[in-house]
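Please keep the sequence and the structure in view while reading.

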Amino acid sequence: MPCERKPMRYGHSEGHTDVCFDDTGKYIVTCGSDGDVRIWESLDDDDPKSINVGEKAYSLALKNGKLVTAASNNTVQIHTFPEGDPDGILTRFTTNATHITYNSSGSRVAAGSSDFMVKVVEMYDSSQQKTLRGHTAPILSVTFDPKDEFLASASCDGSVAVWKIEEQTQVTSWPLLQKSNDVINAKSLCRLAWQPKAAKLLAVPVETTVQLYQRDSWAQVGTLSDDLGTQAINVVAWSPCGKFLAAGSIGGLLTVWDVESKLCVERQTHEKGYTVCGLAWHPSGGQIAYTDTEGCLGVLDGLSSSSSSSSTTTSSTMTKQAPASYDDLFDDDDDRPLDEGISEGARSPAKNPGDEDDDDDLIPATGRARNRSAFLDDENSLDTGSLKQGLDKFVDDVGSAIVLPAAVAAPLRPVYDGPMPTPPQKAFQPGSTPAHLMHRFMMWNSVGIVRGYNDDQDNAIDVEFHDTAVHHAMHLTNSLGHTVADLSQEAVLLACPGTDELASKLQCLHFSSWDTNKEWMVDLPKGEDVQALCLGQGWAAAATSALMLRLFSIGGMQRELFSLPGPVVCIAGHGEQLLVVYHRGTGFDGEQALGVQLLQFGQKRRQVIHGEPLPLSRKSHLSWLGFTAEGTPCFIDSEGVVRLLNRSLGNMWTPVCNTRDNCKGKSDHYWVVGVHENPQQLRCIPCKGSRYPPTLPRPAVAVLPFKLPLCQTTTEKGQMEEQYWRSVLLHNHYGFLSSSGYEIDEEGQSQAQKEQQELLMKMFALSCKLEREFRSVELAELMTQNVVTLAIRYASRSGRMALAQRLSDLALEKANQLQGEEPQEEEEEPLQYTRRNTGYSQSSSEMGADRQHSSHRQAQEEEVDEEQGQEEHMDEGDVAESKRQGLNPFAKGTAASPEKPSPKPVSKEGRVNPFKVSSGLGRSGSAGGQNRVTNVLDSMMSSSKKPTALLSSSGSTGKLNKTPFLKPLAPRPKTKTQSTLLHMNAPKAANKKAAEEREPAVCRLKQTEAPPPASPAEDVENKKHKSGFQLWLEDNRRIILADNPDLEETDVIKEAIGRFRTLSADDRLTWTERAKGQSGDVADMKKRKRGEESRGDKNGQSEADETRQSEADETSAKKKKPLDTSTKLSAFAFNKN
């Protein structure tokens, strides 16, 4: 049944329409939402007669020279035909009538209304009415039995009912449809149709099929379906002979079946994919007139019954002549009529390619029509130009799974029951409305708005800037017919598709240029059309139908070009980033198979995302793609889910918002115009009952908040978790911007970090209240070191000592990690980093005083972190003494030290003591290590004059101020902050008591991980600092190792610390006194050793002897310091408030 689809004509304004023929077939009559009835002599009639029947006309019927219309004034009116004179009111309803129809003789009219009632009215006596009540929702459609005995009706209550007219009773009812509250919200109009003449079958459109019910028995006897029909069928109509049934779908697919064989004999697609809402056969059966929801009228011509029959006959004949291999393969299933509908390409001979009139929508030579019914029933679908250019290439070249293999004489084949391929989404421009609209947004972004007008008066483009300081508004004539546009702070970029005569053009208005020539234009190669474009900082990009992406400078110079892996869907640019989404294959069951690439321009050009799949919601398509104002890639699908690129998670996509959660009705949508991370906002336009906003009046922009789809966000725990992780995700851009060389808002970054730590502390407190101590430690691992200190304080006050102990260990670990990271931050290049460490290891005579100061300041920061982890303090007397001792390494190093200890990076695999010196150090290395231990006390408790004292002391030790100053990158304010925090929180009464236990613990940590001594004499020197805890550890080490044989040295010390703290105050005091007694013996041994050395080597050693003498004096002074025996060991810094 080859037919011709004629070009459509504009008939009515946008909205619902209906159509019918007169009895002779001479006229086509249409009505629409503009309230007019138009009488067309043919599709080419340039001046149809028009009759106004009201504000809106919902339905019409014509027979015997009487035109009946259902208008918006709740009446059914009669007009004479073709004169169009009013002839009275047939009946009234309390609301508007939705559908009317004549019986076969024209003596009765049936009308359904939104007030749930169906009326049957006699034409010659309107007082003779029968009312059918029983539906519980507005009526969708009504149809008469040709024998005038029954009437069928469909309703929004989901039922299809059959009534006995004379008795006004319901014979049967089937719950077949999806329920809705009004006709405008119904999924389908469900226009029922009764078979003419024979009156045996009632056709009911249900979803994508048409179900056939037999008269009298009311049993379902068949189903007509099309394997390419993916959208619900809206309206059906029988041919006058009763052999064929035509159907129009929401997606614009027009299908004709041979009812007897249940084969699809004709398939056509609406040229723009609009919903078909009106369908009528010509009385001769050779034409079908149809109308759509945009007010247009179309005709399928050449549908003669004879050709249809011959087509069917030829098909069966050719099937018998098909190669025997097919018969053997399918076991003669060919000749068996199937209940399930099969595509026409599999049932009828394919068209000869030479006979095609270059009309894409006719059945191709493969014998199977391409399904362009509705790529998508919204924005991205329906622009025929790009449809023909983009889709055909995709179907033919890539998605061959969509098309059945070709056969010269297509034999009958089994029905395919597997997943159906999804029609690929068309290319679109984010921030634009569909191209078929006369007034549309070509672009709406954070810079401004580009509007396009294409009507009888004007074909122009208006450019408006949100900030008029960028540029004044512009009015451009659109003589080339540009369809896509983009707008940036530098330029306006426009592109038009190619025609037979003209190539596709790319036009740029570079309004920010400093010269006088502000416009350039490029012609693309013939046959290559621009499908998507975007602007960045100093560059422009255009994706074309030849699977190419072309780059241009903003001044018009051609730059790189490269091929895309598949047909482009859309592209977006921001700064030096380009985001490309394309089809990477064929999707199935409503899914789109999209891939994404992210390219980074600038000095280091690279591909950040290498074509990974783009994660969409189930059975959705891409509706917006772009960047946040801060430069993070972002996209939105048709389900309203907003996803943001999470750079900290290996470039994964995280959902941050669902616009559907904010919609009041199912038909409401939000049209996105911008995304901001700081403040956290989704800027969009609410569209009530549609997907797009109108251009006039200018729509208002609404702001939606972000919300991560975490579980149990109604609870306090869930809310804080969502706030924390949302803050972390939406502030990742600071790291990206700083790494890319941009200036960042440091105040905003610090404020965000402060908010995150506050949320962590609140969640920590909540976990403590719920007695979830393990979870509390998990939260503490996310905290900074300062906040861990507060957590220790909170745990101690709450009496959770085990938790506080674990947090104390965690604080120590964080201090080690922080100290290990600082040297790595100082230099990016590995060679420079090595040289920096080597610099720390040089002899004192080769180092500047400033570098020594930097080294010691780092050592102090290490010790501060260690002290915060253990939460103990030193008294003021020890601080003063330690300051004096701090001078020794400089003097000693100048005289006899070949090397100086260097800070060690910490391994990420386990905790390593940052105070551990390298194994190659000699005596002065050990001494230096001890003096660094004493410097801990400086950093903990000394006044703000400490750095000055250190500088002066280091400057006085020798000639050390001649090498250039090398400033370390370790942040000094961090140490001040930590020290200040400890000063604020520490009780002064505990200082002496804490110092009593702190010094031995720190010295013990230093000595246990220090390298073996170089000589017995040095061993004696090391012993002078043994504390009571170290003596206790020597006695109890075997017991600890026996209990825990797998412990490493560091873990043994921690276990020992815990056990030593459990001792009573008297026991600990006993061990401390014993240590004091041994230190006196050590001092005597040191003196004897010094005397022997002075006798053995009297030349050149006097300076070293003086240094050792001063050390011995300081040691004895420290030994004589009295202890406060009334205080106890404080396990945690904040336990005694």
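Is C496 buried or exposed? C496 is buried, because its relative accessible area is 4%; buried means under 20% relative accessible area, exposed over 50%, and partly exposed in between, with a 1.4 Å probe and protein chains only. The model is predicted: local features need pLDDT of at least 70, side-chain atom pairs count only at pLDDT 80 or more, and totals for chains, interfaces and linings use all residues. Residues are numbered from 1 along each chain as its sequence is written, and side-chain values use heavy atoms, with hydrogens and water left out.

**Confidence**

- The protein chain has an average pLDDT of 75, and 67% of the residues score at least 70; pLDDT is the predictor's confidence in each residue, from 0 to 100.
- Over residues 306–408 pLDDT stays under 50, and the model has 194 contacts beyond four places in sequence for them; a contact means heavy atoms within 4.5 Å.
- Over residues 1117–1137 pLDDT also stays under 50, with 53 contacts beyond four places in sequence.

**Cysteines**

- The count of disulfides is 0, where a disulfide is a pair of cysteine sulfur atoms within 2.5 Å.
- C156 is buried, because its relative accessible area is 1%.

**Two open sheets**

- Strands of a sheet pair through backbone hydrogen bonds, either parallel or antiparallel.
- Strand β25 (residues 253–258) pairs with β26 in the antiparallel sense over 6 bridges, and L253 has T269 in β26 as its bridge partner.
- Another open sheet of 4 strands has the order β34-β35-β36-β37, again with antiparallel pairing.
- Its edge strands, β34 (484–487) and β37 (519–523), each pair on one side only.
- The twist in this sheet averages 15° from one strand to the next.
- Antiparallel pairing over 4 bridges joins β34 to strand β35 (residues 492–496), and D486 has L493 in β35 as its bridge partner.

**Two buried strand residues**

- T75 lies in strand β9 (residues 75–80) and counts as buried because its relative accessibility is 1%.
- The side chain of T75 makes polar contacts with the side chains of N73, at 2.6 Å, and Q77, at 3.4 Å; a polar contact is a pair of N or O atoms within 3.5 Å, where within protein one must be able to donate a hydrogen and the other to accept it, and residues adjacent in sequence count only if both atoms are side-chain atoms.
- W671 belongs to strand β50 (residues 669–676) and counts as buried because its relative accessibility is 8%.
- Beyond four places in sequence, W671 touches several residues, including F441, W444 and Y692.
- W671 and Y692 are 21 residues apart in sequence, and their C-alpha atoms are 6.3 Å apart in space.

Definitions and conventions
Two strands pair if DSSP finds at least two bridges between them. Axes are lines fitted to C-alpha atoms, for helices over the stretch in contact, and angles run from 0 to 180 degrees between N-to-C directions.
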